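Dear colleague,

I am passing on the structure that we talked about, together with some notes on what came out of it. Please look through the model first and then read on.

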Amino acid sequence: MKPDLFEAPDYYNLDDLFSEEHKLVRDAARQWVKRDISPIIESYAQKAEFPKQILGGLAEIGAFGPYIPETYGGAGLDQISYGLIMQEIERGDSGVRSTASVQSSLVMYPIYTYGSEEQRKKYLPKLATGELMGCFGLTEPNHGSNPSGMETKFKDAGDHYLLNGAKLWISNSPFADIAVVWAKNEDGRIQGLIVERGMDGFSTPETHNKWSLRASATGELIFDNVKVPKANLLPGKSGLGAPLGCLDSARYGIAWGAIGAAMDCYDTALRYAKERMQFGKPIAAFQLQQKKLAEMITEITKAQLLAFRLGQLKNEGKATTQQISMAKRNNVDMALKIAREARQVLGAMGITGDYSIMRHMMNLESVITYEGTHDIHLLITGADITGIPAFT
Ligand code: TGC
Ligand code: FAD
């Protein structure tokens, strides 16, 4: 891959709105990505392998539990800092951002929010340092967009629970030490359980043959009469609202993360267009190429403003699920469209691994599907403005 010459676009001077802390956190993540991700990520994506050696670095930049209080090992930052960290990591690769999103919003968040004090103390500090890695099991082979139909279930077996079922498409599952698993109790109510690697009957086969998120490990979670200690049940909340609450936090991070991928594609295309000569001129001199680039910076700027305002609302505890859906949907769609246009600016070079664009484009095909598909988020907005849910 070419040297990382990334310069972040800030067309509307958003830096004037960020605090010194926001900028410090963001710049630390940006430098880390340049130093530790950009030089290696293409080869890991090519060989479809997660670069495990980056876990310590992710922890150091505060990517594991940015908004979890310091008493539990988190970074104690606000939601805008969390968003900026996700933006910078996804500027490097959506798969690396996935690992951080899952650890923070889908593993640490439910343990912090729905867990007992003993569970918080036992797991959160080790998750914050990356000593323990986690995954989140909601999706099943027969239930993706409609998790309320899940078949995974557990029953009371005296001094423990007995868990049976299977989860599919689980980020980090092949190497995770623990899994936050959503399953139905004997009354059919959804609850969260912390399942630990090594428990009898628990396995995590890897899913191969992906053309997207190749540097992220994806797999299954299989539960065959797994004995889960009663102390591992998350006591704080039951019902579908419990996992959906975690998704709010992860989707918010993705709304920022997608901006990073878009910024990288735009910056790469802009630099290439100014250098690449055709018909005796840099291709940046042609109106059709300028149209692409001008539209890209316009869409990135709109997405930045959406994410920033959402961050303010989140800091005030006012961001709604529906507002988060709109931002996730808009910003991922924006990034995917920019990746496709940016790829064209590079001509044939755009299809090679010498540049990051094609990798971002393929990654974003997962990002537009996971954490609620593009169409599900549209339906969430539709239900909100009409008052008529159209999911069924
Ligand atoms: P619905 O009737 O709307 O709601 C069921 C119950 O949940 C409550 N609720 C929420 N509570 C807290 N936070 C939220 N955001 C909530 N949204 C809803 C709701 O009030 C209700 O409570 P109650 O007490 O009345 O029961 O549920 P529904 O079955 O109609 O489903 C709605 C729908 C389709 C929007 C929802 O199921 C959905 O969002 N589906 C998409 C599934 C999804 O996003 N899966 C993601 C899996 S995780 C993942 O992809 C990780 S990728 C990670 C990475 O690598 O980055
Ligand atoms: P389906 O639900 O089968 O949907 C197929 C198509 O039908 C979609 O276009 C969808 O929009 C459309 N559709 C469905 N219902 C409706 C409707 N009511 N109206 C209109 N259209 C509809 N899950 C986890 O739990 N944990 C993870 O860590 C995780 N990581 C993932 C990593 C990757 C790389 C990928 C690709 C997925 C991951 N997922 C994870 C799963 C992800 O959340 C699901 O793929 C997603 O929710 C969609 O479910 P599905 O793939 O079963 O699609």
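Which domains does the domain assignment of the protein give? There are domain 1 (14-129), domain 2 (134-232) and domain 3 (241-386), with bounds that come from an automatic or database domain assignment.

Please keep in mind that this is a predicted model, in which local features need pLDDT of at least 70 and side-chain atom pairs count only at pLDDT 80 or more, while totals for chains, interfaces and linings use all residues. Residues are numbered from 1 along each chain as its sequence is written, chains are lettered from A and ligands numbered from 1 in the order in which they are written, and side-chain values use heavy atoms, with hydrogens and water left out.

The centres of domain 1 and domain 2, taken over C-alpha atoms, lie 23 Å apart. Domain 1 brings 25 residues to the contact and domain 2 brings 18 residues, where contact means heavy atoms within 4.5 Å. About 1,700 Å² is buried between these two domains, 65% of it from carbon and sulfur atoms; buried area is the accessible area (1.4 Å probe) that two parts lose on being put together, summed over both.

Across this interface the rule finds 1 salt bridge, defined as a side-chain nitrogen of Lys or Arg within 4 Å of a carboxyl oxygen of Asp or Glu. Lys 122 forms a salt bridge with Glu 196, and their closest N and O atoms are 3.4 Å apart.

On the side of domain 1 that touches domain 2, helix H1 (20-46), helix H4 (94-114) and helix H5 (117-129) each supply at least two residues, helices being DSSP runs (H or I, at least four residues) numbered from the N terminus. The largest share of that side, 11 residues, comes from H4.

Best regards
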